[in-house]
Amino acid sequence: FDRGLLDAKAYMSLELWNAILDSHNISEHYALRRYDGVIHLVTAADGAREHYKTGVTADDSGNVVHRDEPPEKAIALDGSLQN
């Protein structure tokens, strides 16, 4: 899998994120403790834009994927995952 539980936080308001955690009776601290380590790979949109793909495209394994975010939004979402 290439997504962690906390990735969803980047796609919603803080209020919604906290409501989801509350509805499952967990804290963000609990979610973070589930990991022994995290390797954050920065989006290709930030520094290697010629390799950033949007729309209906193929990933590096040849699988058809759909990526909605233009480069600027991908960079902003990536930044929100780092804070």
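Guide: Let us begin with a term: two residues are in contact when they have heavy atoms within 4.5 Å of each other. In this model, which is predicted, 39% of the contacts between residues at least 6 apart in sequence join residues at least 24 apart.

Visitor: How many helices and strands does the protein chain have?

Guide: The secondary structure comes to 3 helices and 2 strands. Read from the N terminus, the elements follow the order α-α-β-β-α. The C-alpha trace spans about 40 × 25 × 25 Å along its principal axes, and 19% of the 83 residues count as buried.

Visitor: How do strand 1 and strand 2 run, parallel or antiparallel?

Guide: The general idea comes before the case. In a regular strand, side chains alternate between the two faces of the sheet. Here, strand 1 (residues 55-58) and strand 2 run antiparallel and are joined by 4 bridges. Within this pairing, Val-56 stands opposite His-66, and Thr-57 has Val-65 as its bridge partner.

Visitor: Which residue other than glycine has a positive phi?

Guide: Asn-25 is such a case, with a phi near 55°. Asn-25 is found in the loop between helix 1 and helix 2. Its relative accessibility is 73%, so Asn-25 counts as exposed.

Visitor: How should I read the faces of a helix, and which residues of helix 3 are buried?

Guide: An α-helix has 3.6 residues a turn, so residues three or four places apart point the same way. In helix 3, the buried residues are Pro-71, Ala-74, Leu-77 and Asp-78. Viewed down the axis of helix 3, these buried residues fall within an arc of 125°, and therefore they line one face of the helix. On the other side, Glu-72 and Ala-76 are exposed. As for its length, helix 3 has 12 residues and reaches 17 Å from its first C-alpha to its last, close to the 16 Å expected at 1.5 Å a residue.

Visitor: I now turn to charged side chains. How many salt bridges does the structure hold?

Guide: Side chains of opposite charge can pair when their charged atoms come close. The structure holds 3 salt bridges. In one of them, the side chains of Glu-28 and Lys-9 meet at 3.1 Å, N to O. Glu-28 lies in helix 2 and Lys-9 in the segment before helix 1 (14-23), so this pair ties together parts that are 19 residues apart in sequence. Glu-28 counts as partly exposed because its relative accessibility is 26%, and Lys-9 counts as partly exposed because its value is 27%.

Visitor: Which side chain meets that of Arg-49 in a salt bridge?

Guide: The partner of Arg-49 is Glu-72, at 3.3 Å, N to O. This pair links distant parts of the chain: Arg-49 is in the loop between helix 2 and strand 1, and Glu-72 is in helix 3, 23 residues apart. At 41% relative accessibility, Arg-49 counts as partly exposed.

Visitor: And which side chain meets that of Lys-53?

Guide: The side chains of Lys-53 and Asp-60 form a salt bridge at 3.7 Å, N to O. Lys-53 has a relative accessibility of 31% and so counts as partly exposed, whereas Asp-60, at 79%, counts as exposed.

Visitor: What is the nearest side chain of opposite charge to Glu-69, and how far away is it?

Guide: A salt bridge requires a side-chain nitrogen of Lys or Arg within 4 Å of a carboxyl oxygen of Asp or Glu. For Glu-69, the nearest side chain of opposite charge is Lys-73, 5.5 Å away. Glu-69 is thus a buried residue that has no salt bridge. Glu-69 is found in the loop between strand 2 (64-67) and helix 3 (71-82).

Visitor: Which residues is Glu-69 in contact with, leaving aside its neighbours within four places in sequence?

Guide: Glu-69 is in contact with Tyr-11, Tyr-52, Thr-54, Ala-74 and Leu-77.

Technical notes: Residues are numbered from 1 along each chain as its sequence is written. This is a predicted model: local features need pLDDT of at least 70, side-chain atom pairs count only at pLDDT 80 or more; totals for chains, interfaces and linings use all residues. Side-chain values use heavy atoms; hydrogens and water are left out. Buried means under 20% relative accessible area, exposed over 50%, partly exposed in between (1.4 Å probe, protein chains only). Lys and Arg count as positive and Asp and Glu as negative; His and the chain ends are not counted. The expected span of a helix is 1.5 Å times one less than its number of residues. The arc is that of the directions from the helix axis to the C-beta atoms. Two strands pair if DSSP finds at least two bridges between them.
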